[in-house]
Amino acid sequence: MFDDFFIRALIAGIGVALVTGPLGCFVIWRRLSYFGDTLAHSALLGVTLAFTMEFNIALSVFIISSLIALILIQLQKKTNLPGDALLGLLAHSSLAVGLVVIGFLTFIRFDIMGLLFGDILAVSVDDLLIIWIGGALILLTLKFIWKPLFASTVNYELAEAEGLNPDRAKAIFTILMAAIIAISIKMVGLLLITGMLIIPAAMARNISTSPQKMVIYSIIGGLLSVIIGLFTSLEFNTSSGPSIITAALLLFILSLFKIKQSIKLKN
Amino acid sequence: MRSNQNILVKLNDAGLQINDKWLVKGVSLQVEKGKIVTLIGPNGSGKSTTAKIALGIYKKIEGEVEKYTNKVGYVPQKISIDWTLPLRVNDFMVLTENLNNETIDEALSLTGVVHLKDKNLGDLSGGEFQRVLLARAISKKPDLLVLDEPVQGVDFTGEIALYELIKKISDELNCGILLISHDLHTVMSATDHVVCLNGHVCCSGSPLDVAKNNEYKALFGEQASQILSRYEHKHDHIHTDEGEIKKN
């Protein structure tokens with residue numbers, strides 16, 4: 001019943017969801033949605049670079065995204081522009097530059113739709129390795145920095161005062177963001193990666209009472225979205241990214257019923 | 001090198017300047033094991049800033065901070081917690097250190113809020129939250145406690161009980177406490193050393209020395225000076241340099 005590519009896509013999607021679950025919670029808690037978007041937009045530049053230099057896509061995207069994150073930090077220090085303006089500036093200019101470069105690369109046939117919205121047909125065995133090994137590394141690192149990162153998310157001064165080194169945790173987390181974008185770009189597409197990070201975590205927030213529960217529900221939500229989304233994608237021949245995100249949205253809408261009950265109880 | 005093994009944190013002529021404005025300047029003080037140092041002073045005199053300098057929260061400071069411990073408990077004056085986080089009291093207790101259930105319960109019982117353990121942090125009243133903050137700071141049995149107005153918003157009887165608790169903790173854990181308070185009455189009875197700030201150190205010494213100081217009188221008025229003097233009393237013991245207690 002399943003073609004081989006579909007099994008590959010499923011395994012890849014499950015790997016991605018396991019990582020986006022916990023990272024997505026931090027994206028929500030630390031208000032980093034637009035930061036994620038900016039990194040994801042810059043990924044197009046990374047992809048074009050990979051094609052021109054015949055380089056691994058995930059690695060190239062990771063490098064470019066990290067670079068953009070560094071530039072952002074520098075701009076925040078050197079200019080008086082507000083953070084959201086800088087994010088917009090970097091997001092759109094890196095996307096534009098990426099598209100212009102693609103225009104020059106006439107000798108390569110690009111599947112722009114696949115890049116922007118994900119393509120389950122494109123997932124190779126190599127990609128599976130990158131997703132699962134890269135994903136495991138991301139989760140291990142996150143576990144390692146969890147305490148300082150979470151404490152400084154709750155209150156920076158408490159974390160700093162009590163010797164947890166929150167600045168280092170923040171820097172490492174930025175690298176993890178670039179890494180998750182690099183490994184999930186083929187599945188979800190660069191325009192929708194942030195959706196994969198935010199929507200399952202937002203759904204989880206509606207139904208959780210503790211941070212640990214929110215992480216677990218966020219992972220479950222991501223897994224369900226991937227499975228439902230990929231089957232839809234196979235059935236109706238839709239792009240994998242939008243199908244997964246739509247499934248996540250449906251789960252979010254369902255979670256709204258739960259939150260209404262708890263608000264009623266409170267009053 | 002620290003001259004005295006009991007010193008936990010020492011400020012040498014420390015100050016902080018932000019946008020060409022000195023928040024506080026030329027502060028020298030030290031907190032030792034088992035001692036309570038209290039910072040007093042009017043609003044905007046740099047009390048919280050001094051506490052944060054001692055904690056190492058500010059990076060670009062003038063002068064020096066020597067900090068000899070990393071086991072620190074901090075109760076900030078203001079704390080803004082983002083309610084996008086689902087956070088129960090229990091989760092908050094283990095924020096910076098892993099603690100077992102008994103330790104958490106013990107600390108929460110000491111400040112009288114153990115019944116709130118599974119409540120959402122956002123649902124607490126101001127006074128309840130303050131008690132949780134204090135419980136969290138003491139639960140990790142720190143060497144150094146920095147308490148920035150730890151009893152704000154706590155009811156009157158609770159306030160006295162919490163100050164007694166703070167004194168007890170200082171004795172039992174033999175930890176040093178840097179305390180900021182407006183309440184001259186309650187604080188003075190327990191404090192070993194007072195530093196009166198007004199953008200700089202206006203005067204410092206034992207509570208009585210400070211009360212007699214003319215600059216202090218000018219800053220707080222004659223009445224405040226009387227409050228302090230009322231706590232004049234005989235000590236039946238002295239603290240040796242090694243931090244031990246000697247009966248007279």
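**A helix and its surroundings**

Modeller: Helix 5 of chain B has 17 residues and spans 24 Å from its first C-alpha to its last, close to the 24 Å expected at 1.5 Å a residue. The model is a predicted one. Which residues of helix 5 of chain B are buried? They are B:Leu162, B:Tyr163, B:Leu165, B:Ile166, B:Ile169 and B:Ser170. These residues cover an arc of only 155 degrees around the axis, which puts them on the same side of helix 5 of chain B. Just after the helix, B:Asn174 takes a positive phi of about 55 degrees.

The domain assignment of chain B gives domain 1 as 7-71 + 142-243 and domain 2 as 82-141. Helix 5 of chain B (residues 156-172) supplies the largest share of the domain 1 side that touches domain 2, namely 4 residues. The contact as a whole takes 14 residues from domain 1 of chain B and 11 residues from domain 2 of chain B. Sorted by class, the domain 1 side of this contact has 9 nonpolar, 3 polar and 2 charged residues.

Elsewhere in chain B, B:Lys59 is located in the loop between helix 1 (47-55) and strand 4 (62-67). Is B:Lys59 buried or exposed? B:Lys59 has 7 C-beta neighbours inside 10 Å, so B:Lys59 counts as exposed. B:Lys59 and B:Leu178 are 119 residues apart along the chain, and their C-alpha atoms are separated by 20 Å.

Chain B also meets chain A, in a contact that takes 19 residues from chain B and 19 residues from chain A. The chain B side of this contact has 12 nonpolar, 4 polar and 3 charged residues.

Along the principal axes, the C-alpha atoms of chain A fill a box of roughly 60 × 50 × 30 Å. Of the 267 residues in chain A, 51% are buried. Among contacts in chain A between residues at least 6 apart in sequence, 73% join residues at least 24 apart.

Helix 10 of chain A has 26 residues and reaches 37 Å from its first C-alpha to its last, close to the 38 Å expected at 1.5 Å a residue. Just after helix 10 of chain A comes A:Asn237, with a positive phi of about 60 degrees.

Two loops of chain A carry positive phi values as well. A:Arg31 has a phi near 55 degrees, positive in a residue other than glycine, and lies in the loop between helix 1 (4-29) and helix 2 (33-52) of chain A. With 12 C-beta neighbours inside 10 Å, A:Arg31 counts as exposed. A:Asn165 also has a positive phi, near 55 degrees, and is found in the loop between helix 7 (156-161) and helix 8 (166-188) of chain A. A:Asn165 counts as partly exposed, with 13 C-beta neighbours inside 10 Å.

Helix 8 of chain A contains A:Met177. A:Met177 is buried, with 25 other C-beta atoms within 10 Å. Not counting residues up to four places away in sequence, A:Met177 touches A:Gly36 and A:Leu39. A:Met177 and A:Ile219 are 42 residues apart in sequence, and 16 Å separates their C-alpha atoms.

Methods:
Residues numbered from 1 in each chain as written. Chains lettered and ligands numbered in written order. Predicted model: local features only at pLDDT ≥ 70, side-chain atom pairs only at ≥ 80, totals over all residues. Buried ≥ 20, exposed ≤ 12 C-beta atoms within 10 Å, placed from the backbone. Contact = placed C-beta atoms within 7 Å. Expected span 1.5 Å × (residues − 1). Nonpolar A, V, L, I, M, F, W, Y, C, P; charged D, E, K, R; others polar. Domains from an automatic or database assignment. Arc of directions from axis to C-beta.
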